[in-house]
Amino acid sequence: MNLADLRTTALAYLGTASDDPGYPSTTLNLLVQQAYDQVMGEIVAASPMYLNATANLVPDDPTVGVYSLATQSTPITTFRAWLEVRWESATGSLLRECRIEELTTYGQYYFAVTGTDETAVFTLSSQSSVANPLWLRYAYWPAVLSVDTDSPVGVPSRYHDLIALRTAALAFALGGESSFPPVLTAIMQDRFAALMQDVSRRGVAPALTRLDPATGTGWGWGQNLNGWGF
C-alpha cells in the first residue's frame, strides 16, 4: 500500500469515506506517519539489523577524532544505531563503544556516540589515530511518507494492514469514542504478533547471542564458532 491506500483502508476500518469532514487527508497523513513510526520502532527493537547500510566516514578535522554524520560528503541523517565500527574498511580493526566520559581512559580502539539520530556524532578516544577514516555499518530509519505515492518500505508489504489498523485506532480517539472495536483490536494484536515473529526470526535457526569478536564465543547462551556454548 502507498500513503493514499493506507488512508483509504483506515477510513474503511472506521466505517466512513474520504468525504468525512472529521478525517481530512492532512489529519490522516499525520496519523499514518505516527502509526508507521510506531510499527518501525517495534520492528527495529525486535531486529536491530533489520534495515542497515554501510558508510565510510572522514573526520570533521584531520587533527580531531570527531565524525559528524550529518556533514559527511554524503550526509547521514537517517542513523538509528551503530552495528559495526572499524578502522578504514570492512576488514579493519574493530572498535568498541564506551561512555563519553571514558574516552580519555581507554586505548585507541574505543569511541562514543552523542547527539540525536539526525545529528549523531562519533568521537574517538584520545589515544586514537585521529586522522584515520572509519568504516561504519549502521541501522537506519526509513524515509517519512510525504506524497500519496510513497510506501512504508520499512514494513513488509503483507503487514501494511497493521499500519492502517493503527491509523484507524489513532483516528478513532478523535471522535471521542470510548474504545476501539474489540474485533479490530484483536485483529491488530494478532497481526502485530505475527509481524514480530517474522522480523525477529528470519531463518530456521534460533537467534544467536552476540559473539565476542576476539574469541568467537557468545555472551550468554548461544552458538560460538566451534559449537554450542557460552
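Glu84 is buried, with a relative accessible area of 17%, where buried denotes under 20% relative accessible area, exposed over 50% and partly exposed the range in between (1.4 Å probe, protein chains only). The structure is a predicted model, in which local features need pLDDT of at least 70 and side-chain atom pairs count only at pLDDT 80 or more, whereas totals for chains, interfaces and linings use all residues. Residues are numbered from 1 along each chain as its sequence is written, and side-chain values use heavy atoms, with hydrogens and water left out.

Glu84 lies in strand β3 (residues 79-87); helices (H or I, at least four residues) and strands (E, at least two) are DSSP runs numbered from the N terminus. The side chain of Glu84 is joined to that of Arg86 by a polar contact of 2.5 Å. A polar contact is a pair of N or O atoms within 3.5 Å; within protein, one atom must be able to donate a hydrogen and the other to accept it, and residues adjacent in sequence count only if both atoms are side-chain atoms. When residues up to four places away in sequence are not counted, Glu84 touches Leu94, Trp135, Leu136 and Arg137, contact being defined as heavy atoms within 4.5 Å.

The strand that carries Glu84 pairs with β7 in the antiparallel sense over seven bridges, two strands being taken to pair if DSSP finds at least two bridges between them. Within this pairing, Trp87 has Leu134 of β7 as its bridge partner. Strand β7 (residues 134-140) is mostly covered, five of its seven residues being buried. Strand β1 (residues 52-57) is also joined to β7, by six bridges, and these two strands run antiparallel. Asn52 stands opposite Ala139 of β7.

An open sheet of four strands shows the order β2-β6-β5-β4, with mixed pairing. Its edge strands are β2 (66-68) and β4 (96-97), each of which pairs on one side only. Strand β4 is joined by two bridges to β5 (residues 110-114), and the two run parallel. Phe111 in β5 is the bridge partner of Glu97.

Over the whole chain, four helices and 11 strands are assigned. Of its 230 residues, 37% count as buried. The accessible surface comes to about 12600 Å², of which 55% belongs to carbon and sulfur atoms; areas were computed by the Shrake-Rupley method with a 1.4 Å probe, and for residues only the protein chains shown count as cover. Among contacts between residues at least 6 apart in sequence, 61% join residues at least 24 apart.

In soluble globular proteins, nonpolar side chains tend to be buried together. A nonpolar core is here a set of buried Ala, Val, Leu, Ile, Met, Phe, Trp, Tyr and Cys residues joined through side-chain atoms within 4.5 Å. The largest such core holds 32 residues, of which Leu14, Val39, Met40, Ile43, Val155, Ile163 and Leu195 touch the most other members. Two or more residues are given to this core by each of α1 (3-14), α2 (25-46), α3 (160-172) and α4 (182-200). The greatest contribution, nine residues, is that of α2. Leaving aside neighbours within four places in sequence, Leu195 is in contact with Val39, Ile43, Pro156, Tyr159 and Leu162. A second, separate core of 16 residues includes Tyr67, Ile76, Ala120 and Leu136.

Helix α3 has 13 residues and reaches 19 Å from its first C-alpha to its last, close to the 18 Å expected at 1.5 Å a residue, the expected span being 1.5 Å times one less than the number of residues. Because 11 of its 13 residues are buried, α3 is largely enclosed by the rest of the structure. The cover over the buried residues of α3 includes α1, α2 and α4. Asp161, located in α3, is buried, with a relative accessible area of 16%. The side chain of Asp161 makes a polar contact of 2.9 Å with the side chain of Arg191. Not counting residues up to four places away in sequence, Asp161 touches Met1, Tyr13 and Arg191.

Ala46 belongs to helix α2 and, at 34% relative accessibility, counts as partly exposed. Ala46 and Val199 are 153 residues apart in sequence and 7.1 Å apart in space, C-alpha to C-alpha. With residues up to four places away in sequence not counted, Ala46 touches Met196, Val199 and Ser200.
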